[in-house]
Structures are given as C-alpha cells and as structure tokens.
Amino acid sequence: MDLIARSQLDDPLVAAREATAEMLNQREPSFSLPQPFYNDQRVFALDMQEIFGKEWLFAGMTCEIPTKGSFITLDIGDNPVVIVRGAEDRIHAFHNVCRHRGSRLCIKDKGKVAKLVCGYHQWTYELDGRLLFAGSDMGADFDLASYGLKPVNIRTAGGFMFISLADEPPAIDDFLVTLEHYLEPYRMDNVKVAVESSIVEDANWKLVLENNRECYHCNGAHPELLNSLQEFDDTDDPRATPDYKSLVARKQSDWDGESVPWQLKRFGKRNRLTRTPLLDGTVSMTMDGQPGCKKLMGRLQSPDMGSLRILHLPNSWNHFMGDHAVVFRVLPLGPQKTVVTTKWLVHKDAVEGVDYDVEQLRKVWDATNAQDRRLAEENQRGINSKAYQPGPYSETYEFGVIDFVDWYAGRMLTNLGHEAPSLQLAKG
C-alpha cells in the first residue's frame, strides 16, 4: 500500500501530511519527485495550503493599477483576492469576500471603482477595506468597524506586487531591496502592459516550473526563442564557451558605463537575479532580435541591455530587456491544471502601431508558451502511467530544476512542521 493510500485509514488530513513529509524525506536527491506530487488531489491540496497559502506569490505589476480605485483580482486556489490602489497612492490587498454573506466583491479581472461594493446586497467598503454602508436593516447596534474586509499581506518593489495569505509570511526584505535596485533603470512607474495572455496547461504547476528552470529542451523545442536567447546565463556554467565569456565581459563593461546592475544575486533558492547578454548582434526577444519597441524603457540609452532575468519561486520568471519586458505568473488550478499568464511591458508613452506592433512584440513568447505547454502536458501524461518512477536530473543541464525541487521540498517540509534536509546550492 502506498503512503498516500494509507492516509485514508486514519484522519485524512493528518495522515496525508505525514505521508507527504515521509516521501520528501525518503526521496532520492537530484531525482524527480514521486508520482503523487504531480497528480494526487491530496498532495495538491497540501501544495495550496503549505506553499501557495504561506509563501510570497507574484500577483501582478503596480502599473496595472495606476490610479486611485484601479484594481485587479486573482484566485489563489479557493481564495479570491483583490488588489486596489487607495488614497495617498497606497496599495491594498484584501480577500475578495464580502463580510455579509461571503459573496465575491469584484467579479472582473480588472477595473476601476470609487468604492468596493458587493453586488449581492450592496454592502459598501472604502478602498482601505473599511465597511461604510450595510443598509438600514442590520439594526441600530450594528458595528460597521467590526466588519471591514480581511486584509492580505502585500509588498511592492520594482513595480512588482507580491502577496502572501499567511498570518506570518517568510522574510522577503533583502530580495525586495535588490529587486528595487535592479529595476531602477527601468523607471517602473513609467511602464504599461502592452498586451497579455493566459493559457491553461493540463499539467501540474511543478512541471510547468521544472520545464522553465532548464534549457536542456530548448534546441529541440524553441526555434523562435533561440533566435535571441543564450542557453545559459552564467560564466560559471560548465557549458559556457570562451566566446560567451568574452561577450559577457564586453557587455558588462557597457552596462557599467550606464550604471545598470548586472551581477548575479541569489537569495537562497527562492530568488535569483542576473543580467546576461542575448546572442551577439541581437538586442531583444523578437523574431529578428531587433527592438520590439522603438521607445526604450526608463532611463536606458541603448537597447542592448541583454536580459535581466528575475526568478521568484514558486510562481514567476521574468525577462527585462532594453525595449520591453516579459513577466510570467503561474497559478495552480488543480492537480493537473495550471494557468500561465504572460504580460509584455513597454514604456507608458509608447504608442501602439507607432512605437510597437503587438503581434511582433509577442510572437516569440506566444510560440514558446505553446511549445512549453505541449511539453508539460506530455510530461504529465507520461507521469500518470503506472510505469513512471522518479528519474535523474542532469547536474550539468538541469541544475535549476534540482534547485527548484530542493526549494519546494524544503519549504514543504518546513511548513508541514518537519526539519528540512541541508542541501547544497547548485551552480548557476
């Protein structure tokens, strides 16, 4: 009898937690995870409770809520959240749940409101969450102050918004300070979303992340992306060629001249920032490698900024170039279903049809996202087979996947109340 099946014999929640911790403690280092981590409803429920319910999650960009009353919504599993810009330019996040009978307040993905009003019975909240109106039928002794919206932790830096549903979220300050520094040249108050897309992949969210954390598959899968992208982004990578190292040295000198940060920064295995050149002669992730937007971002004077790569586990990776940026958000929908949202950012004064063409801007990553979806879905179908057993990762090509799985296992064990094993940080 497998460990997860045993959970049905005792208290389901307690037994599933113990079985999951046992599988993580017994797993083979540098191997993929046991099958239940990719397709079991009970492990998925623990992922949502212990990872997506406790860690800091990338939610969106501050430019998406530019003025007072602007809001966006998102769902973290069964938890709808609304993020809104209030008075004095303050950004608030709340559980998107009316305190009357629990209806969702904001039902659109984004919008602008004067107040937050529940469409069910018109309870009305200030943008800072205070209940202002509950009708006259609640009685003379009804205390409005006791029924404000329940807040969600939110932090912003470098134009990014991160939320955590935890009562006491993990530390994130050091990363946020560095993120702000690395994105200073982009003047993130002066960007906008040119276009966005969301695709649903029939695969577990961890398979989506694992696919992203390596380029072992790129040669066989991503011809459009490899028109501009280097397969590695670190001169210490064992695959790095002398030509790549020479290119890096030249570009780093140029970036120093513009006071643009480029050094590799890591915060455990959760966060990673580094600026690396694109292929020599290309400056942007477009089909021809040339700028996708004529108006450069922020204070940048040259389009040849390579790609500032930003990783935030568990749900985001990003590329910032001289002319535009591409940001990605991953949210689980089920044990074998994940939504991946991609947003293309440009200078807020760039004019569509004049400075950029939307179809050309998004063509590379539309193709790449579709290719990655097929890879993840085929990966999922194979893992569902009774023949699946964990397989070894390449320490040369898949060190990023090893880091991700180690991070996931460590955070899951810690959040489950178990001691996480001590693991070495992979290179790159």
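Modeller: Here are a few questions and answers, going from the whole chain down to single residues. First, this is a predicted model, where local features need pLDDT of at least 70, side-chain atom pairs count only at pLDDT 80 or more, and totals for chains, interfaces and linings use all residues. Residues are numbered from 1 along each chain as its sequence is written, and side-chain values use heavy atoms, with hydrogens and water left out.

Biologist: How many helices and strands are there in the protein chain?

Modeller: Both are DSSP runs numbered from the N terminus, with helices being H or I of at least four residues and strands being E of at least two. On that basis the protein chain has 10 helices and 17 strands.

Biologist: What is the radius of gyration of the protein chain?

Modeller: That's taken over C-alpha atoms, and the globule rule is 2.2 Å times the number of residues to the power 0.38. The rule gives 22 Å for 428 residues, and the chain comes close to that, so it is as compact as a globular protein of that length. The C-alpha trace spans about 75 × 60 × 35 Å along its principal axes. The radius of gyration itself is 23 Å.

Biologist: What percentage of the residues in the protein chain are buried?

Modeller: Buried means under 20% relative accessible area, exposed means over 50%, and partly exposed is in between (1.4 Å probe, protein chains only). Of the 428 residues, the buried share is 57%.

Biologist: Which residue takes a positive phi in the hairpin of strand 2 and strand 3?

Modeller: This hairpin has 2 residues between the strands. The phi in question is near 65°, and the residue is G77.

Biologist: Which strands stand at the edges of the open sheet of 3 strands?

Modeller: The order in that sheet is 6-7-8, with antiparallel pairing. Each edge strand has a single partner strand, so one side of each is left without a neighbour in the sheet; they are strand 6 (116–117) and strand 8 (131–133).

Biologist: And which residue in strand 8 is the bridge partner of T124?

Modeller: Strand 7 (residues 124–125) and strand 8 pair in the antiparallel sense over 2 bridges. The partner of T124 is F133.

Biologist: Is T274 buried or exposed?

Modeller: T274 sits in strand 13 (residues 271–276). Contact means heavy atoms within 4.5 Å, and, not counting residues up to four places away in sequence, T274 touches D233, W262, Q263, L264, S307, L308 and R309. With a relative accessible area of 4%, T274 is buried.

Biologist: Which residues is Y397 in contact with, leaving aside its neighbours within four places in sequence?

Modeller: Y397 lies in the loop between helix 9 (358–383) and helix 10 (399–415). At 33% relative accessibility, Y397 counts as partly exposed. Its contacts beyond those neighbours are E214, Y216 and R239.

Conventions: Two strands pair if DSSP finds at least two bridges between them.
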